[in-house]
Amino acid sequence: MKTDTVFTKPISKQFEFDAEVAAVFDDMLLRSVPFYKESQALTRHFAINALRKGGIVYDLGCSTASLLLDIERSIDKNSNIKLIGIDNSLAMIEHARKKIEVYHSGIELHEGDILTFPYEKAQVMISNYTLQFIRPMLRDTLVRTISDTLDSGGVFIFSEKVVSEDPKLGKELIDCYYDFKKVQGYSEYEIVQKREALENVLIPYTMNENILMARNSGFKTCEVLFRWANFATFIAIK
C-alpha cells in the first residue's frame, strides 16, 4: 500500500479520482476517514444480514473494491451471491481488477456512471463517501433509483461527510477533524491543499438532510449506524 503524498505539492486542479489518487487511495482512506475500518466492518455486517441466496450487492463508487472483497470473504461460497462494483474512474477500476486477480475473486466490476447504470433488482446497495460528490440536483434522483432497485426489505448503507446545522459547532467539528489528520501524519500544508482541491467538488449534507433524502425516496426508515464528528454511516431500509 503506497503512502498518500498527493497534496505535498501545490495543487493544479480540483480533486479527481485520477491515477495518482488511485495509486494511494487505500492509504488515503485509512488516514483521512476516522474509524474507517470500523465503519466498513459495520457495513459488511448489516449487508450480510440483509442478503439471501442468489441476491445481488452493488457497491456504488467501489474504488479499489476493498469492501466487496471483505464481504466476499465473509459469505458462503455456495450462496450464489453476486457482488458488483461500479466506479466512473478507470484508474480505480484498474487497481480493483489487480486485487481481484490476486485473490481469484468472482466480483464483477464496471467502469460506468452510477446515475445511468442498468441495475438489476438487488438486496443490498452500498455507497461509501460517493453521494457527496454527486450534484444535489441529481443526488435525490440517484437515491430514488437505489430505492426502486432494492427488493422489499433491502438495505442501502451509505457513509458521508456531514455538516452541522450550527455554524459554531460546524467549525469545531472541522477543527477536530483536522487535528485527527495531523495525528495521521498529514501536514498543515497538505490539509489546506486538499481542502482547496475539494472546494465545490465535495458538497456534504447535514445528518438530517441525508435521512430526509432517504425517507423521501421510498425508504421506510433511515438511521445512523455510526458517527464520529463530521463523518457518518447510515442504513436505510426499503
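I'm keeping one cut-off at hand: buried means under 20% relative accessible area, exposed means over 50%, and partly exposed lies in between. I also note that this is a predicted model.

**Entry: Leu115**

I looked up Leu115 with that cut-off in mind. Its relative accessible area is 32%, so Leu115 counts as partly exposed. I found Leu115 in the loop between strand S3 (108-111) and strand S4 (122-128).

**Entry: helix H7**

Next I went to H7, which spans residues 188-198. Which residues of H7 are buried? My list reads Glu190, Ile191, Gln193, Lys194, Ala197 and Leu198. They sit on the same side of H7, because they cover an arc of only 165° around the axis. I asked what these buried residues pack against, and found helix H1 (19-32) and helix H6 (167-183). Just after H7, I noted that Asn200 takes a positive phi of about 65°.

**Entry: the whole chain**

Then I stepped back. I have eight helices and eight strands in the protein chain. Its C-alpha atoms fill a box of roughly 50 × 40 × 30 Å along the principal axes. For 238 residues, a compact globule would have a radius of gyration near 18 Å, and the chain's 17 Å agrees with that. Buried residues make up 50% of the 238. I also checked contacts between residues at least 6 apart in sequence: 77% of them join residues at least 24 apart. Last, the surface: the chain exposes about 11700 Å², with carbon and sulfur atoms supplying 53% of it.

Terms used:
Residues are numbered from 1 along each chain as its sequence is written. This is a predicted model: local features need pLDDT of at least 70, side-chain atom pairs count only at pLDDT 80 or more; totals for chains, interfaces and linings use all residues. Side-chain values use heavy atoms; hydrogens and water are left out. Buried means under 20% relative accessible area, exposed over 50%, partly exposed in between (1.4 Å probe, protein chains only). Helices (H or I, at least four residues) and strands (E, at least two) are DSSP runs, numbered from the N terminus. The arc is that of the directions from the helix axis to the C-beta atoms. Contact means heavy atoms within 4.5 Å. The radius of gyration is taken over C-alpha atoms; the globule rule is 2.2 Å times the number of residues to the power 0.38. Accessible areas come from the Shrake-Rupley method with a 1.4 Å probe; for residues, only the protein chains shown count as cover.
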